[in-house]
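Hi,

Here is the structure I said I'd pass on.

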Amino acid sequence: MNTIMRKSVLSVAGLAFAGGVFAGPIAAHANPAVDAKPAAVAVQADKPDTAKLIPHGTQGDQSRITLNDEQVGNAKAIIAATKKAGLPERAAVISIATSLQESKLENLGHLGDMNDHDSLGLFQQRPSSGWGTPEQITDPAYSTTAFLKGLKQVDGWQDMPLTQAAQTVQVSAYPDAYAQWEQQAADLVGQYWNS
């Protein structure tokens, strides 16, 4: 719901809007003589709806890894790039799940013999395939934007299972592997989308 509409709805309901969250009854309706003690108000930030994050439910067994600060930072960078692109939370879930599969949310440089070509960064994108320069591909904001540009070109990506949408962009040798990260990706988006 956009901010103007939210303010209108809240004011009709007799609630104040402060910085994106409900602030309780509008102060004009409060009676200072009766309300001598400050009241504790529980404020919960809006979290994305699970139905938006995982509209098809998870497919198959789910994997989960413990993330370090760098990996969490990369997840936040993916979310920020998704928001900047004007795309919904579902695009961030697909992006994070893809990165979890491709690099475990690590911004990988050239891996030498352990690398199966010239794949780099969070999404294991290849300079030789036109994803960008090595410097660009190892920039989380750039690599996410490049992934999202590919995602937006997939007709109906919003209605596809995650693994199909990710595979259409990535063209992986393991097309079904993305699905195992959907729950952890959704959890990360739910946790950090509004922070």
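Let me start with a serine. The side chain of serine 103 reaches the backbone oxygen of glutamate 106 at 3.0 Å, a polar contact (N or O atoms within 3.5 Å; within protein, one able to donate a hydrogen and the other to accept it, and residues adjacent in sequence counting only if both atoms are side-chain atoms). Serine 103 lies in helix α4, residues 89–103 (helices are DSSP runs of H or I, at least four residues, numbered from the N terminus). Serine 103 is buried, at 5% relative accessible area (buried is under 20%, with a 1.4 Å probe and protein chains only). Beyond its neighbours within four places in sequence, serine 103 is in contact with Leu108, Gly121 and Leu122 (heavy atoms within 4.5 Å).

A caveat on the source: this is a predicted model, where local features need pLDDT of at least 70, side-chain atom pairs count only at pLDDT 80 or more, and totals for chains, interfaces and linings use all residues. Residues are numbered from 1 along each chain as its sequence is written, and side-chain values use heavy atoms, leaving out hydrogens and water.

Now the rings. The structure holds one aromatic pair: phenylalanine 123 and phenylalanine 147 are stacked, 4.9 Å centre to centre with 10 degrees between the planes (ring centres of Phe, Tyr or Trp, the latter by its six-membered ring, within 6.5 Å; stacked is under 30 degrees). Phenylalanine 123 sits in the loop between α4 and α5 (134–137), and phenylalanine 147 in helix α6 (residues 140–152), 24 residues apart. Phenylalanine 123 is buried at 0%, and phenylalanine 147 is buried at 0%.

Cheers

How values were computed:
Helices (H or I, at least four residues) and strands (E, at least two) are DSSP runs, numbered from the N terminus. Buried means under 20% relative accessible area, exposed over 50%, partly exposed in between (1.4 Å probe, protein chains only). Rings of Phe, Tyr and Trp (its six-membered ring) pair if their centres lie within 6.5 Å; planes under 30 degrees apart count as stacked, over 60 as edge-to-face and the rest as tilted.
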